[in-house]
Amino acid sequence: MDLDPADLAEDVHRLFEDLASRRPDRRHVVAGECMPVVDVFETDRTVEIVLDLPGVAADALRILIKSGVVLIVGEKERPVLAKSTPASFHLVERDFGRFARAVRVAGAIDAGQARARLSQGELRVVLPRREERRGQGRLIAIDTGAPAAAE
């Protein structure tokens, strides 16, 4: 079953609202655009998604698996400069702001065993593969309708 783009947009909105409600003491980013780079690779046992997220806290992230799509949303706060020291920027290349990345995963995965780890600015989402059952033969018992023999 494919995920409808309107459903995807609603999920992104809902996850951003969840972030805002669970982080009331943080400044929330409403401006800026952040597009973390992502790698997706698969092994014989897993599908793995890796994002570079330096400066992003775990409580600023949400991950949802739905209809074969992994949705990762979050927000990277703009660095705070000391107010006592006036500064002017000469070059600004680092991204900040809200972001949402959607990755479609082919094949059967075990969402219940999925795990994510944020370490040293890298988010790694590991999705264990489940044995593909489609296309495999399976014997079906035949009921004759006859009453079972008494033991």
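Trainee: Leaving aside neighbours within four places in sequence, which residues is Glu48 in contact with?
Mentor: Asp39, Val40, Phe41, Arg124, Val125 and Val126. Keep in mind that this is a predicted model.

Trainee: Where does Glu48 lie?
Mentor: In strand S2, which covers residues 46–52.

Trainee: Is Glu48 buried or exposed?
Mentor: Buried. Its relative accessibility is 13%, and the cut-off for buried is under 20%.

Trainee: Which side chain does the side chain of Glu48 join in a polar contact?
Mentor: That of Arg124. The polar contact is 2.9 Å.

Trainee: Zooming out. How many helices and strands does the chain have?
Mentor: One helix and seven strands. From the N terminus on, the order is α-β-β-β-β-β-β-β.

Trainee: Back to S2. What sheet is it in?
Mentor: An open sheet of four strands, ordered S1-S2-S7-S6, with antiparallel pairing.

Trainee: Which strands stand at the edges there?
Mentor: S1 (38–42) and S6 (115–119). Each has a single partner strand, so one side of each has no neighbour in the sheet. From one strand to the next, the twist averages 15°.

Trainee: How many bridges join S2 to S7?
Mentor: Seven, and the two strands run antiparallel. S7 spans residues 122–128. For a reference pair, take Asp52, which stands opposite Glu122 in S7.

Trainee: Remind me, what do strands pair through in general?
Mentor: Strands of a sheet pair through backbone hydrogen bonds, in either a parallel or an antiparallel way.

Trainee: What about the sheet with S3, S4 and S5?
Mentor: That one is open too, with three strands in the order S3-S4-S5. The pairing is antiparallel. S3 (61–66) and S5 (97–104) are the edge strands. Each has a single partner, so one side of each is left without a neighbour in the sheet. Its twist averages 15° from one strand to the next.

Trainee: How many bridges do S3 and S4 pair over?
Mentor: Six, in the antiparallel sense, with S4 covering residues 69–76. Lys66 stands opposite Val69 in S4.

Trainee: And where does helix H1 lie?
Mentor: Across S3, S4 and S5. H1 is residues 5–22, and it runs at about 40° to S4.

Trainee: Switching to packing. How many residues does the largest nonpolar core have?
Mentor: It has 17. Ile49, Leu53, Ile72, Leu123 and Leu127 have the most contacts inside it. S2, S4, S5 and S7 are the elements that give two or more residues to this core.

Trainee: Pick Ile72. What is it in contact with, leaving aside neighbours within four places in sequence?
Mentor: Ile49, Leu51, Arg62, Ile63, Phe99, Ala100, Arg101, Leu123 and Val125.

Trainee: Now whole-chain numbers. What share of the residues is buried?
Mentor: 26% of the 151 residues. The chain exposes about 11100 Å². Carbon and sulfur atoms supply 51% of that.

Trainee: And contacts between residues 24 or more positions apart, what do they account for?
Mentor: 65% of the contacts in the chain with a separation of 6 or more.

Methods. Residues are numbered from 1 along each chain as its sequence is written. This is a predicted model: local features need pLDDT of at least 70, side-chain atom pairs count only at pLDDT 80 or more; totals for chains, interfaces and linings use all residues. Side-chain values use heavy atoms; hydrogens and water are left out. Buried means under 20% relative accessible area, exposed over 50%, partly exposed in between (1.4 Å probe, protein chains only). A polar contact is a pair of N or O atoms within 3.5 Å; within protein, one must be able to donate a hydrogen and the other to accept it, and residues adjacent in sequence count only if both atoms are side-chain atoms. Contact means heavy atoms within 4.5 Å. Accessible areas come from the Shrake-Rupley method with a 1.4 Å probe; for residues, only the protein chains shown count as cover. Two strands pair if DSSP finds at least two bridges between them. Axes are lines fitted to C-alpha atoms, for helices over the stretch in contact, and angles run from 0 to 180 degrees between N-to-C directions. A nonpolar core is a set of buried Ala, Val, Leu, Ile, Met, Phe, Trp, Tyr and Cys residues joined through side-chain atoms within 4.5 Å.
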